[in-house]
Amino acid sequence: PIMMIHDDLTFSIPKDKFDEALEEIVYQELSFSAPWLNVPLSVEAERGPNLYDMEVFGSWSSKEIQ
């Protein structure tokens, strides 16, 4: 990530690597496991030219990969 603000990770990904990078990022975020973790994790992906003009284009849950 190029920036992390609270529960947000911001990535800058070249267009030709976007699908591959998104798949890996979502997998890494949702496959985290710890004995004290007892709630599902979720990832919401947004894209846009700036932080104000972002559009949600996908959301995933750790319940989906179990």
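Predicted model: local features only at pLDDT ≥ 70, side-chain atom pairs only at ≥ 80, totals over all residues.
Local features need pLDDT of at least 70 and side-chain atom pairs count only at pLDDT 80 or more, whereas totals for chains, interfaces and linings use all residues. Residues are numbered from 1 along each chain as its sequence is written, and side-chain values use heavy atoms, with hydrogens and water left out.

Helix α1 covers residues 18-30, and its end C-alpha atoms are 18 Å apart, which agrees with the 18 Å that its 13 residues should span at 1.5 Å a residue; the expected span is 1.5 Å times one less than the number of residues. The buried residues of α1 are F18, L22, I25, V26 and L30, where buried means under 20% relative accessible area and exposed over 50%, with a 1.4 Å probe and protein chains only.

The buried residues of α1 pack against β3 (42-47) and β4, with contact meaning heavy atoms within 4.5 Å. S61, found in strand β4 (residues 55-61), is buried, with a relative accessible area of 15%, and touches L30, P40, L41 and S42, not counting residues up to four places away in sequence.

The lining of the largest pocket divides by class as follows.

| Class | Lining residues |
|---|---|
| Nonpolar | 19 residues |
| Polar | six residues |

At least two lining residues come from each of β1 (3-5), β2 (8-10), α1 and β3.

Conventions
Helix = DSSP H or I, 4+ residues; strand = E, 2+ residues; numbered from the N terminus. Nonpolar A, V, L, I, M, F, W, Y, C, P; charged D, E, K, R; others polar.
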